[in-house]
Amino acid sequence: ALGNSGADSRRGDQGARYDPGVTSLDKELARLFAPDYLDAVDKRSIEEVRAMRADCQEAETVLSYVRRVAQGRLDIVHSFLDHRDTGQSVGDLAGAVEDLPSIIGSGPARPSGYGRLPSQMSPDMESVDLTREIDEVLDADGIGKLPTMTEGDLRDIAARLTIIEARVSDERKTLHERIDALQAEIVSRYKTGKATVDGLMS
């Protein structure tokens with residue numbers, strides 16, 4: 001479990017991350033969410049504070065990627081559910097693939113909250129490890145079987161993907177709060193002359 005009390009309670013409600021062995025991402029989040037992570041940050045060197053901020057930004061980039069993958073697969077499942085709700089033919093997989101851009105663009109409404117763009121464009125980790133939990137719910141083979149699944153199966157998959165997306169969104173929010181706190185510390189040092197402009201911007 002992560003050290004941050006808010007993140008702990010949210011994870012308790014939504015289930016643990018897939019764990020055939022704790023992933024490097026989980027270990028890093030546990031470190032960044034530890035309750036004492038920001039303790040005495042005002043006593044740390046500017047280099048340490050900048051390194052802490054960079055670590056949080058990198059983790060946020062990874063979680064942004066995972067969240068986008070979860071959302072994309074959730075949108076696909078919802079497209080099949082929508083066909084059933086309207087009584088339309090689900091069609092074959094090829095047709096669904098052709099419709100992916102419109103499916104993802106018109107998926108279910110997202111909860112309001114932290115929607116900022118990641119400061120980095122892509123995570124420096126193997127995507128197969130990052131999406132392993134999502135793949136356990138719906139991988140490429142599973143997507144191919146969606147047209148033959150029952151409505152109950154589709155709704156179960158959608159519910160599980162929604163739980164993952166919600167938890168990852170909460171984790172991103174916690175990281176944004178830490179990034180903001182570290183950035184505020186850097187700005188404060190700049191204003192008081194304890195750091196240079198280079199320390200603020202780099």
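Predicted model: local features only at pLDDT ≥ 70, side-chain atom pairs only at ≥ 80, totals over all residues.
Colleague: What does Arg31 form a salt bridge with?

Modeller: With Glu28; the closest N and O atoms of the two residues are 2.8 Å apart. Both residues belong to helix H2 and sit three residues apart, about one turn of the helix. Glu28 has a relative accessible area of 24%, so Glu28 is partly exposed.

Colleague: Why would two such side chains pair?

Modeller: As a general point, side chains of opposite charge can pair when their charged atoms come close.

Colleague: How many salt bridges does the count come to?

Modeller: The count comes to eleven. Back at Arg31, salt bridges that share partners link Glu28, Arg31 and Asp55 into one network.

Colleague: And Arg167, which residue does its side chain meet in a salt bridge?

Modeller: Glu171, with 3.6 Å from N to O. Arg167 and Glu171 are both buried. They are four residues apart in helix H9, so about one helical turn separates them.

Colleague: H9 keeps coming up. How far apart are its end C-alpha atoms?

Modeller: They are 59 Å apart. Helix H9 runs over residues 151-191, which makes 41 residues, and at 1.5 Å a residue the helix should span 60 Å, so the two values agree.

Colleague: What happens just after H9?

Modeller: Gly193 takes a positive phi there, of about 80°.

Colleague: Changing topic: how many residues are in the largest nonpolar core?

Modeller: It has 38 residues, and the ones with the most contacts inside it are Val77, Leu146, Ile157, Leu161 and Leu175. Helices H2 (24-32), H3 (46-86), H7 and H9 are the elements that give two or more residues to this core. H3 supplies the largest share, 15 residues.

Colleague: Why do such side chains gather at all?

Modeller: In soluble globular proteins, nonpolar side chains tend to be buried together.

Colleague: Take Leu161 then. Which residues does it touch?

Modeller: Leaving out residues up to four places away in sequence, Leu161 touches Arg73, Leu74, Val77, Ile134, Val137 and Leu138.

Colleague: Arg73 is on that list. Is Arg73 buried or exposed?

Modeller: Buried: the relative accessibility of Arg73 is 17%, and buried means under 20%. Arg73 lies in helix H3.

Colleague: What does its side chain make a polar contact with?

Modeller: The side chain of Arg73 makes one with the side chain of Asp135, at 2.4 Å. Not counting residues up to four places away in sequence, Arg73 touches Ile134, Asp135, Leu138, Asp139 and Leu161.

Colleague: Last one, Arg132. Where is that?

Modeller: Arg132 is in helix H7, which covers residues 132-137. Its relative accessibility is 26%, so Arg132 counts as partly exposed.

Colleague: How many residues apart in sequence are Arg132 and Val66?

Modeller: They are 66 residues apart in sequence, and their C-alpha atoms are 9.7 Å apart in space.

Key: Residues numbered from 1 in each chain as written. Heavy atoms only, no water. Buried < 20%, exposed > 50% of the residue type's maximum accessible area, 1.4 Å probe, protein only. Expected span 1.5 Å × (residues − 1). Core = buried A, V, L, I, M, F, W, Y, C linked by side-chain atoms within 4.5 Å. Contact = heavy atoms within 4.5 Å. Polar contact = N/O pair within 3.5 Å; in protein donor to acceptor, adjacent residues only side chain to side chain. Salt bridge = Lys/Arg side-chain N within 4 Å of Asp/Glu carboxyl O.
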